[in-house]
Amino acid sequence: MNVPQAIIDEATNVAASLLPEKSSERYEHEYAEFKKWQNENNVTGITEDVLLAYISNLSKKYSPNSLWSKWSMVKSCLQVRENIDGRRFQKVIAFLKRRNERYLPKKAKTVTKEHVEKLILEAPDDKWLLAKVITIFGIFGCCRCDELLSLTLNDVEDFGEIYCCDLTRN
């Protein structure tokens, strides 16, 4: 088939934008890790057995939830970069489902309404005022989730009567 180079270039550019914009670096990292594993194990092709061995190898280090995430990212990159449809690899899906059967995720620590009230009402302001302000920022939506997670004491400025949050320093 004779396809002009301009068409091939445009298709390549479009394909590169098919990965999620915010997390494309993570997708590319997982794909690079898969390619690195292929090289280390002298694997040249991509078959279901190859992918099953790769995921099995990862299962020694990662939880089932992380395996699903890694598989999803590798699968998407394979679709975009190598035109390989990961949905057809049913053994990999079965393996991931089996690993997930008896898995109990670790319970994340949460802050209750009572904890927040106790902090705001009972903690001394001379020591905890800034922590109180940051907590209020989080509760009342002054920050996006990723901004709140990366928020530090250095990001909050005290102007006497008001506090200002400057996230441009990150």
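Asn-42 is placed in the loop between α2 and α3, and its phi is near 55 degrees, a positive value in a residue other than glycine. The model is predicted: local features need pLDDT of at least 70, side-chain atom pairs count only at pLDDT 80 or more, and totals for chains, interfaces and linings use all residues. Residues are numbered from 1 along each chain as its sequence is written, and side-chain values use heavy atoms, with hydrogens and water left out. Helices (H or I, at least four residues) and strands (E, at least two) are DSSP runs numbered from the N terminus.

**Loop residues with positive phi**

- Asn-42 is exposed, at a relative accessible area of 71%; buried means under 20% relative accessible area, exposed over 50%, and partly exposed in between, with a 1.4 Å probe and protein chains only.
- In the loop between α4 and α5 lies Asn-83, which has a positive phi of about 55 degrees although it is not a glycine.
- Asn-83 counts as exposed, with 65% relative accessibility.

**Domains**

- The domain assignment gives domain 1 (5-101) and domain 2 (113-165), the bounds coming from an automatic or database domain assignment.
- Between the C-alpha centres of domain 1 and domain 2 the distance is 40 Å.

**Packing of α2 with α4**

- Two packed helices are described by the angle between their axes and the distance between the axes.
- Helix α2 (residues 24-40) packs on helix α4 (residues 64-82) at an angle of about 85 degrees, with the axes 8 Å apart; axes are lines fitted to C-alpha atoms, for helices over the stretch in contact, and angles run from 0 to 180 degrees between N-to-C directions.
- The two helices α2 and α4 are therefore roughly perpendicular (angles under 35 degrees count as roughly parallel, over 145 as roughly antiparallel, 65 to 115 as roughly perpendicular and the rest as oblique).
- Residues making the contact include Tyr-31 and Phe-34 of α2 and Met-73, Val-74 and Leu-78 of α4, where contact means heavy atoms within 4.5 Å.
- By class, this contact of α2 with α4 has 7 nonpolar, 3 polar and 7 charged residues; Ala, Val, Leu, Ile, Met, Phe, Trp, Tyr, Cys and Pro count as nonpolar, Asp, Glu, Lys and Arg as charged, and the others, Gly among them, as polar.

**Packing of α2 with α3**

- The axes of α2 and α3 come within 11 Å and cross at roughly 105 degrees, which makes α2 roughly perpendicular to α3.
- Glu-30, Glu-33, Phe-34 and Trp-37 of α2 meet Val-50, Leu-51, Ala-53, Tyr-54 and Asn-57 of α3.
- The residues of the contact of α2 with α3 comprise 6 nonpolar, 1 polar and 2 charged.

**Packing of α4 with α5**

- The axes of α4 and helix α5 (residues 90-100) cross at roughly 160 degrees and come within 9 Å, so α4 is roughly antiparallel to α5.
- Among the residues in contact are Trp-68 and Trp-71 in α4 and Val-92 and Leu-96 in α5.
- The contact of α4 with α5 divides into 7 nonpolar, 2 polar and 2 charged residues.

**Buried residues**

- Leu-51, in helix α3 (residues 48-58), is buried with a relative accessible area of 0%.
- Beyond its neighbours within four places in sequence, Leu-51 is in contact with Phe-34, Ile-46, Trp-71, Val-74, Leu-78, Phe-89 and Val-92.
- Lys-70, in helix α4, is buried with a relative accessible area of 11%.
- Leaving aside neighbours within four places in sequence, Lys-70 is in contact with Glu-30, Leu-58 and Tyr-62.
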